[in-house]
Amino acid sequence: MNVTSNPASSPQHPGSSRKSSRTEHRARNALKSLRAALTMVAVVVLALTGCAAIPTHGPVGKSDPLSPRNNSVNISFQQFSPADGAAPESIIRGFIESGTGINDDFQVARQYLTVGLAQSWAPDKRTLVYKNTFSVVPGADKDSYKVKFDVVSTIDAKGILTPGGTDGTTTVEMSMVKVDGQWRIDKTPDGIVLAEGPFQSLFSAVSLYFYDTTLTYGVPDVRWIAGRTSRTATSIVRALLAGPAPYLAGAVVSAFPSGMSLERDSVPVNDGVAKVGLTAQLLLDTSVRQRQQMHAQLLVTLQKALNTVTELQFLADDRQVDMGETTDSVPPMVVDNAVQSVQVALSRNELVTYDGSKIAPIPGIESVSRLIPSTPAMSYSGKDFAFLAAPGNQLFKVSTGQPAILVASGADLTPPSFGPNGWLWTAGGDGSGTVVAIDSSPKASPPVTLSVPWLVGQLVTTFRVSRDGSRALVIFHSNGVTTVAITGIAKSGDTLKALTTPISLTQTGSPSIGVWVGESSVAVAAPSASGPVSIEVLDLAKPPVTLSELTGVVWLSAGSGVRNIHAQTDDQIFTNVGNSWDVSAKALHQASFAG
């Protein structure tokens with residue numbers, strides 16, 4: 001059954017040796033050596049622990065490791081040149097292990113290749129991240145080999161990460177030849193292969209910010225960048241100018257004109273000021289207002305990624321361009337749009353609000369108990385509400401001073417979700433691939449029904465619009481496989497056009513409910529009225545985090561941040577406190593923050 005709408009509404013301790021030495025002189029020297037070794041170990045350990053342990057998008061650079069924000073430690077991994085007479089498998093393993101040579105453009109790794117391949121091999125085209133160990137076995141052809149990895153994720157040339165999936169085995173084929181009596185690789189794909197540990201040390205997640213289509217909200221586009229601090233700003237600017245990731249195409253816009261690039265491959269940062277030299281004519285052709293929007297977009301991106309940038313300047317032919325008067329500047333991007341602390345909930349089949357301490361009826365809202373409401377939602381203005389009516393096949397909207405009206409119907413509708421622009425969303429859970437959006441603003445546009453090819457045949461259980469209004473969290477199931485995905489909401493002007501091909505988040509179990517927690521993170525769970533439930537926080541820029549178990553969780557809500565996740569049983573709301581759950585309210589059902 002398709003969903004229909006009502007057109008009337010719109011992330012050996014050297015044990016200390018105490019054996020006597022032959023001479024005091026030797027003992028003293030040994031002690032000095034031991035101290036030096038311990039000092040070196042301590043430096044390495046401190047450096048490694050200073051790196052972000054982040055396994056799911058800026059281009060892969062060719063410089064030293066990028067440290068996390070507020071951490072200037074660089075990590076250096078040692079690479080070893082090929083040994084004389086090394087067997088083919090040793091050459092292959094040495095080449096792979098030299099993939100950490102970001103500092104010097106992989107000069108050691110290139111020694112394992114033939115001269116021609118060393119010149120043409122492009123290490124920044126792809127990065128495979130693997131876990132455990134890898135195997136090297138002979139291939140079908142003479143002097144060919146197959147290298148098998150348990151791939152955790154793949155990062156493309158733009159820094160976009162794709163999870164490895166449930167069966168993440170990847171085979172890389174290589175062929176060997178003898179050069180002056182030494183085995184060398186003469187065929188291998190572009191890119192490098194890294195174990196999880198080195199990857200976590202050498203790469204960092206950076207959010208590039210693009211505007212939503214109203215030029216109000218900043219939408220994060222997470223990329224994975226490798227490089228030392230002095231090159232990080234350059235990599236970020238280059239990636240931003242190249243445009244958004246495919247899943248955000250049409251859902252976001254950039255203030256920078258198409259075709260604009262860096263005048264030279266460098267963005268120096270001196271005394272906190274990033275000087276960005278751009279294609280002169282394209283820059284001069286922009287209006288002052290557009291330059292201000294470009295400035296707002298790039299400044300947020302750099303400041304969120306680095307602690308070294310406080311301001312930026314645009315240059316055309318090494319000269320600053322006119323940015324207008326301060327009094328006429330555009331508003332800053334709204335980043336990580338916060339929600340109010342009030343939730344809408346159900347009490348005795350009526351809509352109520354809950355502010356963390358008090359439960360109150362909603363002024364001006366008529367009784368809806370006759371409709372047996374469930375899964376209520378609240379608009380960001382706090383004036384519009386929506387809910388499903390039993391048995392979940394009808395969507396109603398109710399506003400202050402207005403009666404409840406039927407706005408959509410269909411089989412197994414997902415709980416309603418409001419975008420910040422007032423549009424109300426639901427999806428059919430019957431495999432039809434239908435998603436409906438209803439404009440709830442005073443000047444309501446006609447409802448929009450989208451047919452989503454990648455949802456056809458899928459059981460959709462969650463559809464939640466992000467707080468920037470440009471993306472949606474979608475959870476769906478098919479043939480025993482659960483997918484947690486984020487799609488872009490593509491628009492043309494003010495017109496909704498499509499849901500983009502999504503990116504997926506790696507999760508455990510089979511969650512069916514989920515909510516947004518932050519700009520790049522969501523909380524998901526598999527509800528159970530009687531069994532233990534673990535809530536998992538998934539982040540595009542961080543490894544998954546599993547919260548403490550709680551029995552009987554059937555609903556989730558979240559304000560801003562992990563500490564504002566609320567687990568809900570049939571009649572109690574729990575707040576995450578430390579590593580446990582505390583009851584914060586009773587006799588409430590399915591409380592939800594705006595959105």
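Student: Which residues lie nearest the centre of the second largest cavity?
Tutor: Phe95, Thr188, Gly191, Ile192 and Val193 lie nearest its centre, among 15 lining residues. A cavity is a set of points on a 1 Å grid over the protein atoms alone where a 1.4 Å probe fits but cannot get out, and lining residues have an atom within 4 Å of a point. This is a predicted model, in which local features need pLDDT of at least 70, side-chain atom pairs count only at pLDDT 80 or more, and totals for chains, interfaces and linings use all residues. Residues are numbered from 1 along each chain as its sequence is written, and side-chain values use heavy atoms, without hydrogens and water.

Student: Which helix and strands each supply at least two residues of that lining?
Tutor: Helix 2 (88–97), strand 2 (126–138), strand 5 (169–179) and strand 7 (192–195) do. Helices (H or I, at least four residues) and strands (E, at least two) are DSSP runs numbered from the N terminus.

Student: Now the largest cavity. Which strand gives the most to its lining?
Tutor: Strand 38 does, with 3 residues. Strand 27 (459–465) and strand 32 (513–516) are also among the strands that each supply at least two.

Student: And helix 8, is it mostly covered or mostly uncovered?
Tutor: Mostly covered, since 13 of its 18 residues are buried, that is, under 20% relative accessible area with a 1.4 Å probe, counting protein chains only.

Student: What should helix 8 span?
Tutor: Residues 288–305 should span 26 Å at 1.5 Å a residue, and the end C-alpha atoms of helix 8 are 26 Å apart, which agrees. The expected span is 1.5 Å times one less than the number of residues.

Note on methods: Buried < 20%, exposed > 50% of the residue type's maximum accessible area, 1.4 Å probe, protein only. 1 Å grid on protein atoms, 1.4 Å probe; cavity = no way out; pocket = protein on both sides within 12 Å on 5 of 7 lines; lining within 4 Å.
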